[in-house]
Amino acid sequence: MERSLELGNMTRVQEFVLLGLSTKPGIRNVLFAVFLTLYLLTLLENTLIIYLICSHSELHKPMYFFLGNLSCLEMCYVSVTMPSLLLGLWTGPCHVPFTACIIQLFLFIAFISTKCTLLASMAYDRYVAICRPLHYPLLMRPQVCLGLALSSWIGGLLVSVVKTSCIGRLSYCGPNVLNHFFCDVSPLLNLSCTHVALTELVDFISAIIIFCGSLLVALASYVAIGNTVLHMPSAATRRKALSTCASHLLVVGMFYAVVLFIYSHPSHINSTGLSKVLSVIYTVVTPMCSPIIYCLRNREVHVALQKTLHLCWVSSVRTDLAHS
């Protein structure tokens, strides 16, 4: 009873202060230029991937349908965290209203949860293509692909609604300083002045369902793929099979390795500030690298890109000749 009265007399936090990546002005200026360049490059790369997939009929396949969804997703969630990161580097520690912080948290959780399930769907697609090639047109028909993609997006939104509702209803009485560059789950839970056991339980269960569940699907798919590849008759066939999933496997490995490291060593990371560096990797670096990996490792995307560049060059030459 006394605890309730004490909390009731406290002033609810109206805003949070994000310390950002660095508080040193000299370093902030350099980092601002670097991350602004990375952000624009990420938007350009993923927009190009979506354009290639939409404009080339040879890319109208399930694998590229999921890749287009992934590129759209990468642009969305990098645009959730990057503005506050850039603002913090430009102005120093920035003040974020409570509502804006919760909205950012909601969008981030929704997009990161969607990415987990979407990567699992892409792993399943590769499993069907390599392990059950004769049934691929049936098992990965357009209706199934659309259903998997919609399930990923809707599932991410539902998880985010539950987690954000629990975190947003907690009491924040001060301090209000977040040693991060965006409103993430752990920093907000650490600032709450009420019991967070139930919220932590919800966070844990949702992580098990979304993160671990999608990871198990991806692992099971690639174990089955590996077993199938080992039993293929020729080395050329094995190389061709592996080349179709190498890009996705690399992206999955980068993403899950960083996230697993963050959540498996919380005390060590929080004491050293390494969590911010690792967060940069999976919120900034991974979205920028994914299109590069898919373009360099995928022959069909590479050919489509060459065709597009050739058409642009021909169109430019024709325009110059017309004006001359």
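Before I start, one cut-off: I call a residue buried when its relative accessible area is under 20%, exposed when over 50%, and partly exposed in between. I also keep in mind that this is a predicted model.

**Entry 1**

I found C116 in no disulfide. The nearest cysteine sulfur belongs to C212 and lies 9.3 Å away.

Next I turned to C76, which is in no disulfide either. Here the nearest cysteine sulfur is that of C72, at 4.4 Å. C76 has a relative accessible area of 26%, so I note it as partly exposed.

**Entry 1: the disulfides**

How many disulfides are there? I count two. A reminder to myself: a disulfide is a covalent bond between the sulfur atoms of two cysteines.

I began with C101 and C183, whose sulfurs are 1.9 Å apart. C101 sits in helix α4, residues 98-131, while C183 is in the loop between β3 (177-178) and α7 (185-191). The two cysteines are 82 residues apart, and their bond links distant parts of the chain. Both C101 and C183 are buried. I read a torsion of about -125° about their S-S bond, so this disulfide is left-handed.

Then I followed the bond from C173 to C193, with an S to S distance of 2.2 Å. This link is right-handed, with 40° about the S-S bond. C173 lies in the loop between α6 (142-168) and β3, and C193 in the loop between α7 and α8 (197-230). They are 20 residues apart.

Buried or partly exposed: which is C173, and which is C193? C173 has a relative accessible area of 21%, so I put it down as partly exposed. C193 has 15%, so it is buried.

Counting bonded cysteines along the chain, I get the pattern 1-3, 2-4.

**Entry 2: a pocket**

Last, I looked at the second largest pocket, with a volume of about 460 Å³. I found 18 residues lining this pocket, and M63, R126, K240, T244 and E300 lie nearest its centre.

Which helix gives the most to the lining? It is α9, with four residues. Helices α3 (62-91), α4, α9 (235-243) and α13 (299-323) each supply at least two. By class, I noted eight nonpolar, four polar and six charged residues in the lining.

Terms used
Residues numbered from 1 in each chain as written. Predicted model: local features only at pLDDT ≥ 70, side-chain atom pairs only at ≥ 80, totals over all residues. Heavy atoms only, no water. Disulfide = S-S within 2.5 Å. Buried < 20%, exposed > 50% of the residue type's maximum accessible area, 1.4 Å probe, protein only. 1 Å grid on protein atoms, 1.4 Å probe; cavity = no way out; pocket = protein on both sides within 12 Å on 5 of 7 lines; lining within 4 Å. Points joined across faces, edges and corners; volume = space filled by probe spheres on them. Nonpolar A, V, L, I, M, F, W, Y, C, P; charged D, E, K, R; others polar.
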